Amino acid sequence: MATKVIMVDDFDGYDGEDVAKRDFEIAATKYTIDLGDENFKKLQEVLDALAPYLEKAAEVKQAGRARKSSTDVGPRLRGYSNSDVREWADREGVEISARGKIADEVYEKFIAAHPDAKPGD
């Protein structure tokens, strides 16, 4: 028993004998698509028209989250942890999130109440 494979054009569903897997590249990224001769010719025309623009264009990379260097950030407190700050804030009715970054104002209030927590220069 024989099996017949019917290739279908990914663009418009055409299932003629000329449909084949077509590879192409844009800006160093390779793609593949099943196309008949007519749609492949249209794709080639678009790629040819796009080429001069790609040659002149500069790649834009997605920005990542900036990381603070450990050398740029000194200790916030001496002898106390962030958990200590959160517990103190809760007792004193100072608004603070349960997780995440502690606001500078909260650190300032904590240091005012605990002068020994002030980091040395």
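Throughout these views, a contact means heavy atoms within 4.5 Å. The model is predicted, so local features need pLDDT of at least 70 and side-chain atom pairs count only at pLDDT 80 or more, while totals for chains, interfaces and linings use all residues. Residues are numbered from 1 along each chain as its sequence is written, and side-chain values use heavy atoms, with hydrogens and water left out.

**View 1. A117 and its neighbours.** Leaving aside residues up to four places away in sequence, A117 touches R76, L77, R78, Y80, F110 and I111.

**View 2. The largest nonpolar core.** Eleven residues make up this core, among them L77, W88, F110 and A117. Such a core is a set of buried Ala, Val, Leu, Ile, Met, Phe, Trp, Tyr and Cys residues joined through side-chain atoms within 4.5 Å; buried means under 20% relative accessible area, exposed over 50%, and partly exposed in between (1.4 Å probe, protein chains only). Two or more residues each come from α2 (82-92) and α3 (104-113). Helices (H or I, at least four residues) and strands (E, at least two) are DSSP runs, numbered from the N terminus.

**View 3. The two sides of α2.** Here V85, R86, W88 and A89 are buried. They fall within an arc of 165° down the axis of α2, so they line one face of the helix; the arc is that of the directions from the helix axis to the C-beta atoms. The face turned away from the buried side carries exposed D90 and R91.

**View 4. D9, before β1 (20-26).** D9 sits in the segment preceding this strand. Its side chain reaches the backbone nitrogen of D12 at 3.3 Å.

Note on methods. A polar contact is a pair of N or O atoms within 3.5 Å; within protein, one must be able to donate a hydrogen and the other to accept it, and residues adjacent in sequence count only if both atoms are side-chain atoms.
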